[in-house]
Amino acid sequence: MNVFSKKKRVGYYGRYVLSIVIAVLIYGITAHYFFEMSFTEAVLRVWYLPILVPFLIWLFNKMTKNTRTHANQESEEWEFLLRVSRTVQRQMKYKADDFKALNEDERFRDFMSDMYKVFKNGETDVLNYDTLLSQFEGEGEKETVARIVIEKTKKLREAYILPNETEKEG
């Protein structure tokens, strides 16, 4: 499950209901004028659709909510990297090419991969913010970028991971 994806609320399904009600009304008008059927008769034939279709969509979303696919996991990591890199670009006034040049460094790529693991699973004895930051101590620009990445990871973790973990416990 992608933690960056938005939770579907009542309004999401309400739009389906509204759309289908409009479609049923259009069907009733069309049936009345083109098929010589009364408007009421036409609407009564499909009255259940505004309830049934959103229910089936809700049921499908509930059933597939916890299925993890490789594509979902990759898109989640890509979303994390995108958000972090945008923050670095904004704070360091980098252009896309500057960040790409930084990303060509294998140690930095490993650092970003480790930061995603920390984001996803939390800090461990081996993977923690201090240890990861120490890889770039004294390297000026890279150390600054690493600090920005760590701060953004902390914020993302608070926003997306911690609320989900506390719901499971409580």
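The model is predicted, so local features need pLDDT of at least 70 and side-chain atom pairs count only at pLDDT 80 or more, while totals for chains, interfaces and linings use all residues. Residues are numbered from 1 along each chain as its sequence is written, and side-chain values use heavy atoms, with hydrogens and water left out.

The chain has eight helices and zero strands. Helices (H or I, at least four residues) and strands (E, at least two) are DSSP runs, numbered from the N terminus. Along the sequence the pattern reads α-α-α-α-α-α-α-α. Of the 170 residues in the chain, 29% are buried. Buried means under 20% relative accessible area, exposed means over 50%, and partly exposed lies in between (1.4 Å probe, protein chains only). A contact is defined by heavy atoms within 4.5 Å. Among contacts between residues at least 6 apart in sequence, 68% join residues at least 24 apart.

The second largest pocket holds about 190 Å³ of space. Its lining draws two or more residues from each of helix H4 (70-92), helix H5 (96-103) and helix H6 (106-121). Pockets were located on a 1 Å grid over the protein atoms alone: a cavity is a set of points where a 1.4 Å probe fits but cannot get out, whereas a pocket is an open set with protein on both sides within 12 Å along at least five of seven lines. Lining residues have an atom within 4 Å of a point. Grid points are joined across faces, edges and corners, and the volume is the space filled by probe spheres set on the points. Rolling a probe the size of a water molecule over the atoms shows where empty space is left.

The lining consists of Glu-77, Trp-78, Leu-81, Leu-82, Ser-85, Phe-99, Asn-103, Arg-109, Met-112 and Ser-113. H4 gives the most, with five residues. By class, the lining has five nonpolar, three polar and two charged residues. Here Ala, Val, Leu, Ile, Met, Phe, Trp, Tyr, Cys and Pro count as nonpolar, Asp, Glu, Lys and Arg as charged, and the others, Gly among them, as polar.

Aromatic rings were examined next. A pair of aromatic rings is described by the distance of the centres and the angle of the planes. Rings of Phe, Tyr and Trp (its six-membered ring) pair if their centres lie within 6.5 Å; planes under 30 degrees apart count as stacked, over 60 as edge-to-face and the rest as tilted. By this rule the count comes to 10 aromatic pairs. Phe-111 and Phe-136 form an edge-to-face pair, at 5.2 Å centre to centre with 85 degrees between the planes. This pair links distant parts of the chain. Phe-111 lies in helix H6, and Phe-136 lies 25 residues away in the loop between helix H7 (129-134) and helix H8 (141-169). Phe-111 counts as buried because its relative accessibility is 0%. Phe-136 is also buried, with a relative accessible area of 0%.

Tyr-116 and Phe-119 form a tilted pair, at 6.2 Å centre to centre with 40 degrees between the planes. Both residues lie in helix H6, three residues apart, about one turn of the helix. Tyr-116 and Phe-119 are both buried. One aromatic cluster is formed by Tyr-12, Tyr-13 and Tyr-16. Lys-154 lies over the face of Tyr-129, at 5.0 Å from the ring centre. A charge sits over a ring if NZ of Lys or CZ of Arg is within 6 Å of the ring centre and within 35 degrees of the ring normal.

Val-88 lies in helix H4 and is buried, with a relative accessible area of 0%. Residues up to four places away in sequence aside, Val-88 touches Lys-93, Tyr-94, Phe-99, Val-145, Ile-148 and Val-149. The C-alpha atoms of Val-88 and Val-145 are separated by 6.5 Å, although the residues are 57 apart along the chain. Asp-114 lies in helix H6 and counts as buried at 16% relative accessibility.

Backbone angles complete the description. Most residues other than glycine have a negative phi, and most peptide bonds are trans. Glu-36 is not a glycine, yet has a positive phi of about 50 degrees. Glu-36 is found in the loop between helix H1 (10-34) and helix H2 (39-45), and counts as exposed at 77% relative accessibility. Lys-93 also has a positive phi, near 55 degrees. Lys-93 lies in the loop between H4 and H5 and is exposed, with a relative accessible area of 71%.
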